[in-house]
Amino acid sequence: MACRKIQTTLSLSYILSLNVWLFPVQANILKPEEHRIVDEPYYEPIAEEINVFEAAYRNQLPVLLKGPTGCGKTRFMEHMAWRLQRPLITVSCHDDLTASDLVGRFLITAGETRWVDGPLARAVRCGGICYLDEIVEARKDTTVVIHPLADDRRLLPIEKLGELLEAAAEFSLVISYNPGYQSVLKDLKQSTRQRFVALEFDYPQQALESKIICKEAGIDQQTAAQLVKFAHMTRNLKGNGLDEGASTRLLVHAAKLMSSGVAPTVACAAAISQALTDDPEMLAAVNELSASVF
Amino acid sequence: MPADHPGPLSADAIEERLEENVETVLSSRRTAAGPAAELALVDKQTQNLVLDAVAVIASTNAELAFQFASHATKATAVLDSKQLHAWMIRAMDIFDTTGLHAAVSFLQDVDGFARELQVRTKSLELDSIQTILENYLHGLSGRPLRIGCAEQHYTDTETVFLPALCKRFESERDNFRLYKSMAVMCWAQTWYGTWQHTMIQALRDLSDSPQVLPWYHFFESRRLELLLQSELPGVFRDLLTLQKMTGYTRPHPENWSVLGKPSAGPECSLAMAEQHRHKPFPPDWSSCYDGGVELIQIQGIVANRLGKEKDQLKTLLAQWQDELNASAPNPNEQPPAQRRAFHINEQVPQDTTISLDGKPVTPPTDVKNLLTSIYQDLGQIPDEYLVPAGDGQYNENAPARDPRDVWKGTYHEEGAFLYHEWDFERQHYRKNWAVLRELDVHPQWDHFVDKTRTKYAGLIKQCRRTFEALRGEDKVLKRQPVGDDIDIDAVVQAQADLLSGMEMSDCLFTKMHKVDRNIAVMFMVDMSGSTKGWINDAEREALVLLCEALQSLGDRYAIYGFSSLTHKRCEIFRVKRFDEDYSEQVKARISGIKPQDYTRMGVAIRHLCTLLQQVEARTKILITLSDGKPDDWDSYRGQYGIEDTRQALIEAKRANIHPYCITIDTQAKSYLPHMYGAVNFTVIDQVHKLPLRISDIYRRLTA
């Protein structure tokens, strides 16, 4: 009897594991150059940025987005890609990013070399929007690759193929950076920045920020207003122990935790304070601030 | 030897040891016999403890040591050995900050200290939470407030003074709650207009009715409570908890519901205080977090700040307007001959918006902060504040702030940097002991740099070549798993392997490895009097050679000199900042490096490390050029100086800064290994070799 029971359990677990193996939970596989954003990404305009971006797009001018982290630059790009119905190809820049990572490289398959386009070349070919996020993180010698694309030539030279890729009319180049770093190392060269139409982003005004949080996280207006008040307090500490104040993104995180039943001070500590700093004294001060607001 | 003696020391033996340390304050009528006789009655371990402590204190002040000895026997009855040490440290801290008189009074009240220790287990010290509270207040909004220490808590509108120890409640959490509530009430006074200029004036006019001020403070506290209830409900809950714990209920005088109206300002409290002017204010009507008022102090500070900030704002507005003109859409258009006044769009405490020529403009952060501070003092921004200073009027009426001047008149520490100093005898820091100022080296235009360049032309060329080699070229790394290009050799081999049935390697790419020297170096140059003559020449020549060589290397570097004359006068001389180029001005400053006074190294290291920490670099190096031991006119000589310097270097290492020392002191091997570690220094035996060796040392250090 006992033996049969063990057998049943074994076979059950076997079937279960087989089930996972046969029907794994799969993420959707999307080709960036073919993917179009279908649902409107939620975005509240702060000023005239949508009009300016559309005008720049129509005139084939590249765009530079400046602003602190988590203030909505990437969401703005998604929104614009949806509005213009163009594929959005995003590259998060880092200091090991090489020109080949952007343009493309040869790979070897079946004893042959095969050219594979990088994300920038793909965007140029398909007339998409190429968004280079945090461009200052990339090395300066990588940044210059985009220069011929960012002026009226709109060309991407691919040296290894001996080709000049002319951008389609729909192609658009957008770069973003955070001027708040204020580091000599992480500054954008004049020769790069002077090719772009610049749009400045900042955290939205109090009322608008509350509205965004309400909409994104589904919490009541009063709690959203308190969260924004707390965010302003942390922003007062910028440069006095904190590198950055709480971003709108962090506020949305905290609000989502709250709407799932987490107590406000606990949600603020987990989603905001801990994300802002590791310094125990600053952490204590920020936690006290949230405890004062709620 | 007393240590070998089996029983307690005799009174004579104790007297003898006391006399060794405090002889300078004894006389025929004042001997050590009394304290010695008392101390003879305690056990030997305690005797040694007290006598050692007397020796430590005597190194700071003999009179204090004598006073300590006089009260020590009584203290040993109520304090254990650890507490006795704490008693000594506290007395010396008080001596450092307030002077002998206060320190002696403290020693006399040993029972008070014992009582304090008893409650301290449950109490909370301000020191331990000062940074938290400061950050907290800063976050709340408005003018940044410092935290200071005073017996009763109050604010002068720039500093919030709180008691050093909070022991009212049994738990630390409740004591923190009280500290926080006191601090918030003081902040609320500055933020919600209690000490606006007009209120201070009115209170001064009513000074013949002494009851007005306490009544005003009482009504204001109530008004602020009500504001906190809506603005910071968490804080209000804390206030209610405190009220409940202390059994306090705020009394309700007649008509006071008017304070709860949203429009109620400080003038309502003043009007009500005037109505109560003939009634004495009952002292038990105040809550534990209300605190006190120092009206005269507030008046002085507000008046001083108003004048200062008006000038500052005008100057900043003028600079800002120039910037706005420069970045105007049509730069060819001539900017108006005269500066135009700005106008207020909307006055709100923190986000006053202003416009220029009818167009709204976003003020820079410094202007915004100043507007907020002025708004806090005046409750509005008057139009005359928004007229920028005219041409040539920058810093109009600004007090002369040449750091050199502070030593001429009465001594004060305004604008100076304060650093702790390590006292190895106490095994404790002396708090804010060293007062340091940053000055510029007076440039000397005498072609010293050109002469040095000619003198060492060959060497400079050689240094540049070696440094250029150090800069490193980009290297192509072969056989990489990922990379920019295909490594044909690897592919051929892999194909051959595959055909012969072996496993094929996946390292088929080449990758460009970029050599990135991410180094920041701080040179700290000894400018003490002992460097006078050819040592100074050698130092300056060495700096010229270094700068010439470093230009080809591209490392970020800064040069600062240091000197001191007692802990009250430490100076750091800027020769080249990190963000400065190797310009003619810098060259003239190198030439202008002149011997000054003494060598207080600890504070210089601490300050330069603070500067170095602000630079973003993977490797940070602090190189000291010196000619001898740390030394200063006061007690910094000998082991004290060496131990403080060592402690400062330990702090530097903790902050991920690599210290290194180049010295020409041939005796240095006896103390440098203790300070810098066995390998982190070079001794150059002949001064004239310093310029020849320094580039070589630097190259080895950073390769």
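The contact between the two chains takes 20 residues from chain B and 26 residues from chain A, two residues being in contact if their C-beta atoms, placed from the backbone, lie within 7 Å. This is a predicted model, in which local features need pLDDT of at least 70 and side-chain atom pairs count only at pLDDT 80 or more, while totals for chains, interfaces and linings use all residues. Residues are numbered from 1 along each chain as its sequence is written, and chains are lettered from A and ligands numbered from 1 in the order in which they are written.

**Side of chain B that touches chain A**

- Helices α8 (126–140), α12 and α18 (488–499) of chain B each supply at least two residues of this side; helices (H or I, at least four residues) and strands (E, at least two) are DSSP runs, numbered from the N terminus.
- The most is given by α8(B), with seven residues.
- By class, the side of chain B that touches chain A has nine nonpolar, seven polar and four charged residues; Ala, Val, Leu, Ile, Met, Phe, Trp, Tyr, Cys and Pro count as nonpolar, Asp, Glu, Lys and Arg as charged, and the others, Gly among them, as polar.

**Chain B overall**

- Chain B has 24 helices and 19 strands.
- Of the 703 residues in chain B, 37% are buried; a residue is buried if 20 or more other C-beta atoms lie within 10 Å of its own, exposed if 12 or fewer, and partly exposed in between, with C-beta atoms placed from the backbone.
- Among contacts in chain B with a separation of 6 or more, 72% join residues 24 or more positions apart.

**Helices of chain B**

- Helix α11 (residues 212–231) of chain B packs with helix α12 (residues 233–246) of chain B at an angle of about 130 degrees, and their axes are 6 Å apart; axes are lines fitted to C-alpha atoms, for helices over the stretch in contact, and angles run from 0 to 180 degrees between N-to-C directions.
- The pair α11(B) and α12(B) is therefore oblique, since angles under 35 degrees count as roughly parallel, over 145 as roughly antiparallel, 65 to 115 as roughly perpendicular and the rest as oblique.
- In this contact, α11(B) contributes E225(B), L228(B) and Q229(B), and α12(B) contributes P233(B), V235(B), F236(B) and L239(B).
- Those residues comprise five nonpolar, one polar and one charged.
- In helix α21 (residues 601–613) of chain B, 10 of the 13 residues are buried, so α21(B) is largely enclosed by the rest of the structure.
- The buried residues of α21(B) include M601(B), I605(B), R606(B) and L612(B).

**Sheet of chain B**

- Eight strands form an open sheet with mixed pairing, in the order β9-β10-β16-β15-β14-β17-β18-β19 (chain B); two strands pair if DSSP finds at least two bridges between them.
- The edge strands, each pairing on one side only, are β9 (417–423) and β19 (681–683) of chain B.
- From one strand to the next, the twist averages 25 degrees.
- Strands β14 (residues 519–526) and β17 (residues 619–626) of chain B pair in the parallel sense over seven bridges, and M524(B) has T624(B) as its bridge partner in β17(B).
- Helix α22 (residues 639–654) of chain B packs on the sheet, touching β9, β17 and β18 (657–663) of chain B, and its direction makes about 140 degrees with that of β18(B).

**Positive phi**

- Most residues other than glycine have a negative phi.
- E134(A), not a glycine, has a positive phi of about 50 degrees and lies in the loop between β5 (129–133) and α6 (140–143) of chain A.
- T566(B), also not a glycine, has a positive phi of about 70 degrees and is found in the loop between β15 (556–564) and β16 (570–576) of chain B.
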